[in-house]
Amino acid sequence: MKLILYSKQGCCLCEGLLTKLQQVKQVAFDLEIRDITSNPDWFDRYQYEIPVLCLLNDRQQEQELPRFSPRSPVEKLEVLLQRYC
């Protein structure tokens, strides 16, 4: 499974989600981090929404996953990821 995290440097919510993603043990995935400030299209789309986590499907299309609460434990993130595998 391939995940894409749209974020930007200095965003504490983005850093929090990244930390939790790094702690996930029950679901295997490859993670690509995209800095929205490096691409005007990403910035326009996600500037008020980051962090945004997307699943890249077999046809290389992105599916935005539901927003994850920063206060939720890693176990809840694992359940969310398992649901979308």
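Two strands are taken as paired if DSSP finds at least two bridges between them, and helices (H or I, at least four residues) and strands (E, at least two) are DSSP runs numbered from the N terminus. The model discussed here is predicted, so local features need pLDDT of at least 70 and side-chain atom pairs count only at pLDDT 80 or more, while totals for chains, interfaces and linings use all residues. Residues are numbered from 1 along each chain as its sequence is written, and side-chain values use heavy atoms, with hydrogens and water left out.

On one hand, β1 runs parallel to β2 (residues 30–35), joined by six bridges, with Leu3 opposite Leu31 of β2. On the other, five bridges link β1 to the antiparallel β3 (residues 52–56), where Val52 faces Tyr6.

Taken together, four strands build an open sheet of mixed pairing, ordered β2-β1-β3-β4. Because β2 and β4 (62–64) stand at the edges with a single partner strand each, one side of each is left without a neighbour in the sheet. From one strand to the next, the twist averages 30°. Helix α1 packs on this sheet and touches β1, β2 and β3, its direction making about 160° with that of β1. Contact here means heavy atoms within 4.5 Å; axes are lines fitted to C-alpha atoms, for helices over the stretch in contact, and angles run from 0 to 180 degrees between N-to-C directions.

Turning to the helices, the axes of α1 and α3 (residues 74–84) come within 9 Å and cross at roughly 75°. That makes the two helices roughly perpendicular (65 to 115 degrees; under 35 is roughly parallel, over 145 roughly antiparallel and the rest oblique). Leu17, Lys20, Leu21 and Gln23 of α1 meet Val74, Leu77, Glu78 and Leu81 of α3.
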